[in-house]
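Welcome, and thanks for taking a look at this one with us. Below is a short briefing on a pocket, a few helices and some aromatic rings.

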Amino acid sequence: MPTRDDAWKLLCEYTQSESLRKHMLAVETCVRAYARKHGADEETWGLAALLHDFDYERWPNAEHSAEKEHPAEGAKILRDLGYSEEIIHAILSHADYSGVTRQSPLEHTLFACDELAGFLTACSYVRPSRSILDLEVDSVKKRLKDKAFARGVNRDDVRNGAAELGIPLEEHMAFCIGAMRENADALGLRGSIIGTQAASS
């Protein structure tokens, strides 16, 4: 099984966009935190999350084809490189148009964290601090209702993701914010806040 270092090199080979790389890191951060919470295999869950969009930049799939482009092309590459079917199935299932049904806890968690991690990043960037360290759930909920904000984020996917996990949306938001705060430096989300104490917003 390839290592996380192998996965990161593969990701960087196919993805030049710094923001897309950070997105995959953010999703990995949230999914790994859920793996620890549930006593699941953190490496397997982490690899699936880290690589879920690695082929997106090269094959963006505007037509939402199930057999071509993202994530189908990535799945072929991962299979050739020896990644497990558990990881490949999870990556395919995060795109509803792939036709692969989400069944396992990993698959539901990856889907639930994908759009939300992107939205939390966007919410952090518009704060005066440009930091996730002082981002609170109430602020995120307000932004979610503003359809003009972060239009690329699918609001239904955010809400349905929490529903698939069987937890309230607010709880899911708070959990992912907490996970991303712990990895704020790597995600480029520390902003102007010095130290580890988050200011109240």
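Which helices do the buried residues of H8 pack against? They pack against H6, helix H7 (137-145) and helix H9 (169-182). Please keep in mind that this is a predicted model.

**Helix H8**
- H8 covers residues 155-165, and its buried residues are Arg-155, Asp-157, Val-158, Gly-161 and Ala-162.
- Where H8 starts, Asn-154 brings a side-chain oxygen to within 2.9 Å of the backbone nitrogen of Asp-156.
- Just after H8 comes Gly-166, with a positive phi of about 75 degrees.

**Helix H3**
- Helix H3 (residues 42-50) is largely enclosed by the rest of the structure, because seven of its nine residues are buried.
- Those buried residues are Thr-44, Trp-45, Gly-46, Leu-47, Ala-48, Ala-49 and Leu-50.
- Their packing partners are helix H1 (4-14), H2, helix H5 (85-93) and H6.
- At the start of H3, the backbone nitrogen of Glu-43 has a side-chain oxygen of Asp-41 within 3.1 Å.

**Aromatic pairs**
- With ring centres within 6.5 Å taken as the cut-off, the count comes to four aromatic pairs.
- The Phe-119 and Phe-149 rings form an edge-to-face pair, because their planes stand at 85 degrees, with the centres 5.6 Å apart.
- Phe-119 belongs to helix H6 and Phe-149 to the loop between H7 and H8, so this pair ties together parts that are 30 residues apart in sequence.
- Buried or exposed? Both Phe-119 and Phe-149 are buried.
- One aromatic cluster is formed by Tyr-14, Phe-54 and Trp-59.

**The largest pocket**
- If you are thinking about grids, the largest pocket has a volume of about 590 Å³.
- Its lining consists of 21 residues, and Tyr-56, Asp-114, Glu-115, Gly-152 and Asp-157 are the closest to the pocket centre.
- Two elements give two or more residues to this lining: helix H2 (18-38) and helix H6 (105-125).
- H6 provides the largest share of the lining, with four residues.
- By residue type, the lining divides into eight nonpolar, eight polar and five charged residues.

**Where the topics meet**
- Asp-157 is one of the buried residues of H8 and also one of the lining residues closest to the centre of the largest pocket.
- H6 packs against buried residues of H8 and of H3, and H6 also holds Phe-119.

Methods
Residues are numbered from 1 along each chain as its sequence is written. This is a predicted model: local features need pLDDT of at least 70, side-chain atom pairs count only at pLDDT 80 or more; totals for chains, interfaces and linings use all residues. Side-chain values use heavy atoms; hydrogens and water are left out. On a 1 Å grid over the protein atoms alone, a cavity is a set of points where a 1.4 Å probe fits but cannot get out, and a pocket is an open set with protein on both sides within 12 Å along at least five of seven lines; lining residues have an atom within 4 Å of a point. Grid points are joined across faces, edges and corners, and a volume is the space filled by probe spheres set on the points. Ala, Val, Leu, Ile, Met, Phe, Trp, Tyr, Cys and Pro count as nonpolar, Asp, Glu, Lys and Arg as charged, and the others, Gly among them, as polar. Buried means under 20% relative accessible area, exposed over 50%, partly exposed in between (1.4 Å probe, protein chains only). Contact means heavy atoms within 4.5 Å. A polar contact is a pair of N or O atoms within 3.5 Å; within protein, one must be able to donate a hydrogen and the other to accept it, and residues adjacent in sequence count only if both atoms are side-chain atoms. Rings of Phe, Tyr and Trp (its six-membered ring) pair if their centres lie within 6.5 Å; planes under 30 degrees apart count as stacked, over 60 as edge-to-face and the rest as tilted.
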